[in-house]
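Colleague: I have a chain to learn today. Please take me through it step by step.

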Amino acid sequence: MNKETGRANTPSQEQAPAHSVTAEGGRTDCGTNAFTVKLSVNHIKVITLLVFIALGLLYVAGLVRAQSDRGGSRAGGTPTVSGFDSRIDGNAQQMLEQGRQIFRFETFGDEAYWSDKLKLHRAIEGAKLGGVGAGVSPKAALAVGLKVDMDALPADLVEKIKRGEVNLDDPATTLALIKLNAVLGVKGTFNADGSLKAVGLSCAVCHSTVDDAFMPGIGHRLDGWPNRDLNVGQVISLAPDTSALTQLLGVDEATLKKVLASWGPGKFDAELNLDGKAFRPDGKPAATLIPPAFGMAGVNNHTWTGGWGTVTYWNAYVANLELQGQGTFFDERFNDAKKYPIAAKAGFGNKRSGTDMATAKLAALQFYQLAIPPPTPPAGSFDGAAAARGEALFRGKATCAQCHVPPLFTEPGWNTHKPSDIGIDDFQANRSPDKTYRTAPLRGLFAHMKGGFYHDGRFATLLDVVNHYNSFKKLNLTEQEKNDLVEYLKSL
Ligand code: HEC
Ligand code: HEC
């Protein structure tokens, strides 16, 4: 009961000085009234001072009590919350659950794009089941990097797969898996006769993977871990009708296919739909790595480059302009026809679908994403003593912590840098509003060792990254020190 009162009263206790002065002050006045006339001005001063000290002590005592109440309810292990506090707790729980569902399964109505226009569902089905082409067998799906959630499979199916009784070469099996919601990020809608009516894509297709607990590509979900096996270009290439894309980009089919083939596993070009720049001046693909979507709480700028916005900005961007879901999106910067010719022409700066299937989901989606912590490196995956020495170097001689500020490992504030600050070219930076690179948060690096480091994976290993800083910033690190830094990075 005390605890409840203590917690519920917190807001008014913050205004305690004002309240208590009136209440207590009233009483004090009564008690002193008879004497005041006889008292000298000095006495009045002293008494007033004492009264104020007493009030101050009462206030502090109140705060201490409120604090210990809070601590008490935690330490007791039985949080008793009431009133608005319980609304907050309930809301948090609900947003978390809703957000998880959205992150995993929500397509924002993007079937209208992937199926009605690109007809991706027909390629998955294959001609035998009423679609086109060979169809996508589970083996083919796993080969392009799609992942299967073993927890969505009924126990008897798991047993059958173990005994080799499930045909992993048959697209019909893929349909069965999609029906079970087991293929990460691929959501199916089915006709009454069991054929595939449409597929849509969700965030999980790129931003989740599995732990391979059952077999490579099949395991427990790992939300937020980037799928560095997924060949997005190859998946889009499967679509029987890419005219929506070729028209948007103003290119022919052959050119589009060449672009899609250039990306490779773990990469996607999230700005191609804005500026149409498919290749860099050096001829290499403009695609970037799929970044981790964990450990984002506390981080200001998002994506590899600077100035787009917060997590929810980017979520709205992707839901509307990448997944091509149905919703509302506004960003006047996309009217800049010189920088973003494709977006300006397509009116991406002010998208208003007839039905908005995205906006109402943004709050819970962001809440869930911010709740995804960076994963902890497995025991034994790094050398502890070397990592401890590496930490000292990271904070000291190697100056890494100036930008990668622990424990966020990015700067609190406007966390971006000019390309010249980190000694790399400006191609990708210039595609962003800020013309900068975002200081990549470094927690959970071990979870995305595939595909390399920096936005385009230009550094194959962490040692390559350290070597780059060592020469660019003239750090004079010894081989031992470089190794220690690498072990520290692996421990984050
Ligand atoms: C086709 C693959 C793909 C899909 C699907 C996808 N993303 Fe991404 N996501 C990317 C890539 C690539 C980037 C990096 C973009 C860049 O830097 O230009 C990214 C970046 C992000 C970031 C920034 C992370 C950071 O490092 O700060 C967030 C947040 C994000 N995506 C959320 C989403 C959400 C929410 C969805 C679903 C609505 C989604 N993404 C769907 C590929 C994808
Ligand atoms: C001037 C600021 C700055 C300093 C100093 C700095 N970094 Fe970085 N770091 C960045 C930026 C910006 C990126 C993103 C580069 C990109 O996206 O291509 C980055 C990226 C990285 C990455 C790649 C992360 C990923 O997900 O691919 C690693 C690893 C890294 N830094 C480690 C270090 C180490 C180790 C040091 C010290 C030797 C260091 N950084 C010093 C700004 C800095």
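Modeller: Start with burial: buried residues make up 37% of the 492 residues in the chain. A residue is buried if 20 or more other C-beta atoms lie within 10 Å of its own, exposed if 12 or fewer, and partly exposed in between; C-beta atoms are placed from the backbone. This is a predicted model: local features need pLDDT of at least 70, side-chain atom pairs count only at pLDDT 80 or more, and totals for chains, interfaces and linings use all residues. Residues are numbered from 1 along each chain as its sequence is written, while chains are lettered from A and ligands numbered from 1 in the order in which they are written.

Colleague: How many helices and strands does the secondary structure come to?

Modeller: Helices (H or I, at least four residues) and strands (E, at least two) are DSSP runs, numbered from the N terminus. For this chain, the total is 23 helices and 12 strands.

Colleague: Why is H16 largely enclosed by the rest of the structure?

Modeller: Look at its residues: Trp314, Tyr317 and Leu321 are among the buried ones. Its buried residues pack against partners including helix H15 (272–275) and helix H18 (362–371). H16 is largely enclosed because of its buried share, nine of the 12 residues.

Colleague: Which helix gives the most to the shell around ligand 2?

Modeller: The shell residues divide into 16 nonpolar, six polar and one charged. Here Ala, Val, Leu, Ile, Met, Phe, Trp, Tyr, Cys and Pro count as nonpolar, Asp, Glu, Lys and Arg as charged, and the others, Gly among them, as polar. Helix H20 (419–422), helix H22 (462–472) and helix H23 (479–491) each supply at least two residues. With four residues, the one that gives the most is H22.

Definitions and conventions
Two residues are in contact if their C-beta atoms, placed from the backbone, lie within 7 Å.
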